[in-house]
Amino acid sequence: MSDTTLRKAFQVAIVGGGVCGVTCAVALQRAGVPFQLFESASGFGEIGAGIGMSPNAVRILEALGVMDAILERVNPAELRTRSFAFYSGHGNHEHIYTYPTTSEDRGISLHRAVFLDALVSLLDANSTHFNKRCVSITESPTGSPKPLVVHFQDGTTFDADVVLGADGIKSSVRDVVLAGTGQSTGKRLLYSNTIAYRGLIPYAKLREAGFKTDLLERPVCLVGPSKHFILFNIKNGEIINVVAFAARYDIPFGPQKEGTPWVTKCSKDVLYEEYKGFGPDVAALLSLMPDEPSQWSIHVVDPPLESYARDRVALLGDAAHAMLPHMGSGAGQGVEDAYVLARLLGHPDTNIHNLEAVLGAYSTIRQPRAQMVWEGSRRCGRVYDLQGPSGPTLEGIRKDLDNIFDPVWHHDMESDIARAVGALQENGTFPSTA
């Protein structure tokens, strides 16, 4: 998928310049769809640290022609077949299961800033705007050439034919899609009763501290009762990205107390208390965590949105389906969203008169797929925390992990796009090829 000289006669506004928004911008640019991207911050940047792209996302990045730009910034060997190894978090860290892979199951782990830098390098700088926080979207006055007006906190506006909300879990664009349903954005955001502690540790220091489990070959999960660790290397194996989870399963998802910060700093003593009784590798790891590790309260979009589109406004990424991170597929689902949007908006039969139907087809295809991954991510977390349906025994964990990633990794996106185009032809939006 390369930049095309054919340009569509409509204008798209992308709200949000994170991983999903920038991926969407590159995809639209290469599909010949005019766009302008608006980011609330003063420049491109992502909170968080490492990001993993599983095989389904890697195939899309290759189809978009952006993988070379990514590999220029990391060791090309980072793009490789990646399994996932599971060990007990207790005792001597007994090996439980290594997920089987094929030669096509290539993934890549890298720092979010590196991913963004690679894709931003491919964008026309004139199409990106900073310090633009979207506060509302309204219909244009009668007679205005474009039907939507995006309003920003600084008092400026932008007229667009289509607005795509890639503005994250606290999306303001989601309000527009939910309008008429009687539900505000806030009522679709719930606290998952899951805390994540994050840190970056030099691998050499980790080994010196006595950490024995190999972290160079593949990502590792250390499982335990209601708690687990996800560990993977970035920066050519020099740095280990650590995410330590702690969850409660005795209470349902629900709103946090108003004013509670989602991301804070905590004392390292909190980690020692949280993971008391875990094995020696965990003890070594905790000793090297920052003195004040970041503590994240994980929120999700729930109940799920019935649709990701309303009229000429659509959502992608966390704005549409923020999920638990336990499949490592949240960003990948945003990449899938961006790809489908670009393919449909860039389709030869898409024009300014049928945009609503095209966005509706996008939603019809993407909502069940992303929600399946949402449910799978929740299920994975329960298995890692010894709460899986087959129980906490080694045999039970292995049974629950068997093929758990396959529906995500091996999905056929081209078939999805063909189904969307077929539906648009069947309902008369696109001319029939019969």
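In the predicted model, six strands form an open sheet of mixed pairing in the order β8-β2-β1-β12-β20-β19. Strands, like helices, are DSSP runs numbered from the N terminus (E, at least two residues, for strands; H or I, at least four, for helices), and two strands are taken to pair if DSSP finds at least two bridges between them. The edges are held by β8 (128–129) and β19 (309–310); each has a single partner strand, so one side of each is left without a neighbour in the sheet. Within the sheet, strand β1 (residues 12–15) and strand β2 (residues 35–38) are joined in the parallel sense by four bridges, and V15 stands opposite F38 of β2. Helix α11 (residues 355–384) lies across β12 (162–165), β19 and β20 (313–315), and runs at about 20° to β20. Axes are lines fitted to C-alpha atoms, for helices over the stretch in contact, with angles from 0 to 180 degrees between N-to-C directions.

Residues are numbered from 1 along each chain as its sequence is written. As the model is predicted, local features need pLDDT of at least 70 and side-chain atom pairs count only at pLDDT 80 or more, whereas totals for chains, interfaces and linings use all residues; side-chain values use heavy atoms, with hydrogens and water left out.

An open sheet of three strands has antiparallel pairing and the order β3-β7-β4. Here β3 (50–53) and β4 (80–81) are the edge strands, each with a single partner strand, so one side of each has no neighbour in the sheet. Four bridges connect β3 with strand β7 (residues 106–111) in the antiparallel sense, and the bridge partner of G52 in β7 is S109. Helix α2 (residues 55–63) packs on this sheet, touching β3 and β7, and its direction makes about 85° with that of β7.

Strand β5 (residues 85–88) is covered on both faces, with A85 and Y87 on one side and F86 and S88 on the other all buried. Buried denotes under 20% relative accessible area, exposed over 50%, and partly exposed the range in between (1.4 Å probe, protein chains only). Strand β6 (residues 95–98) runs antiparallel to β5 and is joined to it by three bridges, with T98 as the bridge partner of A85. Six residues lie between the strands of the β5 and β6 hairpin, in which G91 takes a positive phi near 55°. β5 also pairs with strand β14 (residues 220–224), in the parallel sense and over four bridges; S88 stands opposite V223 of β14.

Apart from neighbours within four places in sequence, I70 is in contact (heavy atoms within 4.5 Å) with L61, I108, L110, F115, A118 and L119.

Over the whole structure, 18 salt bridges are found, each a side-chain nitrogen of Lys or Arg within 4 Å of a carboxyl oxygen of Asp or Glu. One of them joins D117 and R73, with the closest N and O atoms 2.6 Å apart. This pair links distant parts of the chain, D117 being in helix α4 (residues 112–120) and R73 in the loop between α3 (67–71) and β4, 44 residues apart. D117 is partly exposed, at 43% relative accessible area, as is R73, at 30%. K227 and E274 form a salt bridge with closest N and O atoms 3.7 Å apart. K227 lies in strand β15 (residues 227–234) and E274 in helix α7 (residues 268–274), so the pair ties together parts 47 residues apart in sequence. K227 is buried, with 17% relative accessible area, whereas E274 is partly exposed, at 26%. D250 and R248 also meet in a salt bridge (2.6 Å, N to O); D250 is exposed at 54% and R248 partly exposed at 46%.

Salt bridges that share partners join E336, D337, R366 and R369 into one network. E336 is found in helix α10 (residues 330–345) and is buried, at 0% relative accessibility. Its side chain makes a polar contact with the side chain of R366 (2.8 Å). A polar contact is a pair of N or O atoms within 3.5 Å; within protein, one must be able to donate a hydrogen and the other to accept it, and residues adjacent in sequence count only if both atoms are side-chain atoms. Leaving aside neighbours within four places in sequence, E336 is in contact with N56, I60, R366, R369 and M413.
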